[in-house]
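Hello,

Here is the structure I promised to pass on. My notes on it follow below.

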Amino acid sequence: MSEQQRPDTADHALAADPGLAADPGLAADPELAADPGIAADPGLAAERDRLARSLRETRLQLAMTQARLAALEQSATMELGRTLVRAARRPWSRGVQLPADLVRLWRERGGLTGPGAATLALASAQLSDLAGGGERFLSALTAPGLGTLGSEAPGWSPPGLVIAGVLTARACATLAPDAAVHPLLPHDADVMLESAGADLVLIEAAAMLAGSPWAYAVDPAATDRGRRLGRLIAAARALGKPVVFIRNIPAQLAPGLDWVAASCDAVSDDGFGVPLARFNPIGLADLRPGDPVYAGARDPRQAPAVRALLDAVAADTGPGRVRVTGEVSWRRQPDMYREHALFVTSSEDQAREQLACGARVIMIGAGPTADSGLAADSGLAADSGLAADAGPGADAVLTAGTVAVAADVPALREKLAALRECPPLSAAETLPVLREIFTAQATQARLAALARLAGLGDHMIAGRRIAVLSRAADAGAAAALAAGLAGQRFLPSELVVLAEAPDAASAELSARAVTAALADLTGRDVTIRAIPVVTGGPDTSGLPEPGRQPEPDDHRGPTGWLRRAATVARSPWAAPWQAGREYPGTYLLDLACARECAQADAAGYGGASYAFTATLDPALARREYYAAADPGHGLRLFSIS
């Protein structure tokens with residue numbers, strides 16, 4: 001991910017002072033927020049919120065006034081006046097230098113240019129908007145006491161990432177399964193930004209194209225929209241919210257975005273990744289047509305070599321002809337990718353989406369780049385499943401996740417003829433490519449990178465916070481548990497271990513020994529929670545032991561020790577783990593990937609191959625499933641195999 005940090009200069013600051021956004025005075029007083037009397041009284045909480053909004057508004061006006069004053073002090077008119085006044089006061093010493101000073105001013109005329117001048121002019125215009133604007137009556141809709149400190153319940157776990165910003169409908173659908181998304185519109189952006197409680201503000205370049213509410217926001221002909229966009233960025237900074245600019249379209253489609261990038265805290269060029277909740281192999285038909293398809297309309301800006309290849313194969317009348325579908329709605333794309341077995345594309349992003357849907361892909365042109373996740377070295381095929389066939393002389397029968405690269409017409413026709421005869425890939429055969437996309441190219445992976453870029457941390461991505469629940473009576477069992485988890489490609493965020501012993505003192509010593517044996521996992525960002533448990537005590541109801549009836553074989557709910565461990569866990573997802581059992585290295589990775597694809601309440605191995613099922617012994621489920629004495633019915637169960 002390429003990133004560009006915001007310059008720490010007054011030229012690029014809508015609020016003039018970079019430290020102003022982090023000023024704790026911009027928010028409500030933490031001591032008042034933590035006061036239980038204020039939190040319990042809605043009237044006092046509403047008055048506190050109103051005063052906090054008024055303070056932020058005042059500080060925003062002050063910051064814009066400072067920016068305007070700095071611009072005036074640096075202007076040529078002000079400098080000319082100062083020069084003439086100095087010459088009039090001291091005509092003999094300064095008067096003789098007046099011609100030289102005037103020549104210098106003429107050479108330095110023009111002042112600031114580029115993004116700096118644009119942001120300063122925008123701050124001046126926003127100050128005029130704010131002057132005499134009065135109280136925004138819609139701000140009264142903010143819920144009183146929302147998000148007050150110290151009001152969490154004992155079993156409360158932090159929510160996932162909350163995102164607000166200038167986003168397209170496709171971006172909202174992409175982010176919705178993994179975060180709470182609040183799209184901001186030009187007429188209510190200020191109010192929604194204050195009331196949504198967002199952790200991160202995203203400005204998407206594609207949202208400024210024609211057809212969207214923010215269309216032409218950077219066009220000189222739509223200065224009102226550009227002014228509202230600048231005010232949104234300034235308000236987000238005044239609220240202490242990080243602002244990230246997503247540059248996901250070519251620069252020629254929306255010129256004039258330089259000042260937006262300079263005003264944001266960071267810039268990302270990687271887009272939002274592959275939303276596995278939409279692009280996945282769930283529901284693949286056994287028989288799918290193998291005729292090659294080019295999904296989408298032809299881009300008039302395509303490279304000449306790519307255009308020549310497509311023209312040649314699209315004009316063929318034989319069995320190797322590539323059908324060009326024309327414009328395909330983004331809502332229709334996942335179903336279309338699952339309906340066909342072979343695609344031709346020139347886009348790396350589209351190739352990843354088609355691979356995730358269980359299709360074979362041929363890339364035309366130069367092939368994938370080194371950092372795309374679709375490596376061009378065929379020697380990586382055995383490890384990553386994302387290799388590209390190097391040329392016409394290589395094996396034409398491609399495995400799941402393999403991208404064929406064709407740089408000329410004969411090679412393209414040869415690969416088309418060979419792949420048309422291959423049977424369609426099944427959902428199980430798509431697992432290798434799903435693992436690689438899940439690890440580095442999925443939407444949740446991109447959100448985690450954006451959270452790190454904004455200084456929020458990976459813990460904000462709730463969908464990948466998994467707690468492993470296990471038992472260990474001594475350091476030896478804990479060492480076996482640590483060795484098993486260390487070999488996993490996907491590590492949990494939390495490990496809850498019940499340290500069992502016959503009496504309280506022994507249980508406490510056992511918990512300390514278990515914690516020491518699991519110290520290596522702590523260095524890999526795994527939170528360790530060792531809970532001392534007295535065997536047969538009140539905390540182990542349901543544990544199989546001498547003199548106690550074990551759970552029946554047909555019992556579908558969680559056992560007693562799982563309920564105890566899940567109650568202590570804080571991650572939204574939990575997976576039981578037996579310390580002495582051998583697990584494959586992709587065990588947790590496959591479970592997390594399947595849950596992300598299916599958006600199910602529980603995932604496991606129930607006999608069906610990558611499909612929903614009616615009965616399942618969950619291997620990964622919501623924490624509440626294990627914490628509840630009666631899990632109930634109505635859960636969405638998903639089977640990997």
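A salt bridge here is a side-chain nitrogen of Lys or Arg within 4 Å of a carboxyl oxygen of Asp or Glu. This is a predicted model, so local features need pLDDT of at least 70 and side-chain atom pairs count only at pLDDT 80 or more, while totals for chains, interfaces and linings use all residues. Residues are numbered from 1 along each chain as its sequence is written, and side-chain values use heavy atoms, with hydrogens and water left out.

Salt bridges

The structure holds 17 of them. D590 pairs with R435, with the closest N and O atoms 2.8 Å apart. D590 sits in helix α22 (residues 587–598) and R435 in helix α16 (residues 431–441), so this pair ties together parts that are 155 residues apart in sequence. Helices (H or I, at least four residues) and strands (E, at least two) are DSSP runs, numbered from the N terminus. D590 is buried, at 7% relative accessible area. Buried means under 20%, exposed over 50%, and partly exposed in between (1.4 Å probe, protein chains only).

R529 and E494 form another salt bridge, with the closest N and O atoms 2.4 Å apart. R529 is in strand β14 (residues 527–534) and E494 in strand β13 (residues 494–501), so the link spans parts 35 residues apart in sequence. R529 is partly exposed at 29%. E494 is buried at 3%. Salt bridges with shared partners also join D291, R420 and E421 into one network.

R338 and D335 meet at 3.3 Å, N to O. Both lie in helix α12 (residues 333–339), 3 residues apart, about one turn of the helix. R338 is buried at 14%. D335 is partly exposed at 39%.

The sheet

An open sheet is built from 5 strands in the order β2-β1-β3-β4-β5, with parallel pairing. Two strands pair if DSSP finds at least two bridges between them. The edge strands, β2 (180–183) and β5 (266–268), each pair on one side only. From one strand to the next, the twist averages 25 degrees. Axes are lines fitted to C-alpha atoms, for helices over the stretch in contact, and angles run from 0 to 180 degrees between N-to-C directions. Strands β3 (residues 200–204) and β4 (residues 243–246) pair in parallel over 4 bridges. The bridge partner of E204 in β4 is I246.

One serine

Is S510 buried or exposed? S510 is buried, with a relative accessible area of 8%. Helix α19 (residues 504–517) holds S510. Leaving out residues up to four places away in sequence, S510 touches A472, A473, D474, A499 and E500. Contact means heavy atoms within 4.5 Å.

Best regards
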